[in-house]
Amino acid sequence: YRPHQDVQLGLSYTSPTRVHTEGKATGNVGAQLATLGLAARPDFRYDAEVDTEFPQVVAAGLSWAVLPRWRINLQVDWIDWSSSFDRLPIKLTNGNNADINGIVGADTVKEEPRLKWHDRFVYRVGIEYAVLDNVTLRLGYAYGKSPVPDETLTPLTGVIMEHTIGAGAGYRWNRFRVDLGYQYDIPTS
């Protein structure tokens, strides 16, 4: 929506997306078996299936041409992590290690670990500068507190970044446009 020639407002909705993945899960539980005092073959392989649901997102933004060649962009996203990442259904079948199958009681393992992620807002700000009529440079920053609670943090879910810096450039020629960008996520611990 454009209430003024220099101001644009936007609103978007992204519906949840479900992804079913299949593959192989391999590993070694030697350290765990040793802790329990069990002498068993430690390596394993399973056929793996994981059902992941990515969250719905509602975003609202404002773009304002503050000066003839300068534009400020603001955006707020609400991400419904709690509905998508409350549990993560994992199914392991056809385990190849008879020792582990005997300990577990089957060659199949079904797990739904609790993730208990929290809904979060992500705040974004960016500036654009039109160097020429067809060349634009961009710089931006985004902040969103990690949705992952400390008690359910794993190496697989610990990649959520809180601070992100981005830079980019755009080139327009007739009806064609090319935009390039680079994003750096500041590491968290």
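Visitor: Which side chain does Asp80 join in a polar contact?
Guide: The side chain of Gln56, at 2.9 Å. A polar contact is a pair of N or O atoms within 3.5 Å; within protein, one must be able to donate a hydrogen and the other to accept it, and residues adjacent in sequence count only if both atoms are side-chain atoms. By the way, this is a predicted model: local features need pLDDT of at least 70, side-chain atom pairs count only at pLDDT 80 or more, and totals for chains, interfaces and linings use all residues. Residues are numbered from 1 along each chain as its sequence is written, and side-chain values use heavy atoms, with hydrogens and water left out.

Visitor: OK, is Asp80 buried or exposed?
Guide: Buried, meaning under 20% relative accessible area; exposed is over 50% and partly exposed lies in between (1.4 Å probe, protein chains only). Asp80 has no salt bridge, though, and the nearest side chain of opposite charge, Arg18, is 9.7 Å away. Lys and Arg count as positive and Asp and Glu as negative, while His and the chain ends are not counted. A salt bridge needs a side-chain nitrogen of Lys or Arg within 4 Å of a carboxyl oxygen of Asp or Glu.

Visitor: Which residues are linked in a network of salt bridges?
Guide: Glu128, Arg138, Arg177 and Asp179. Within that group, the side chains of Arg138 and Asp179 meet at 2.9 Å, N to O. Arg138 is in strand S9 and Asp179 in strand S11 (residues 176–186), 41 residues apart. Strands (E, at least two residues) and helices (H or I, at least four) are DSSP runs, numbered from the N terminus.

Visitor: New topic: what order do the strands have in the open sheet of four?
Guide: S2-S3-S6-S7, with antiparallel pairing. Two strands pair if DSSP finds at least two bridges between them.

Visitor: Which strands stand at the edges?
Guide: S2 (17–28) and S7 (109–111); each has a single partner strand, so one side of each is left without a neighbour in the sheet.

Visitor: And how many bridges are there between S3 and S6?
Guide: Four, in the antiparallel sense. Asp47, for instance, has Thr93 in S6 as its bridge partner.
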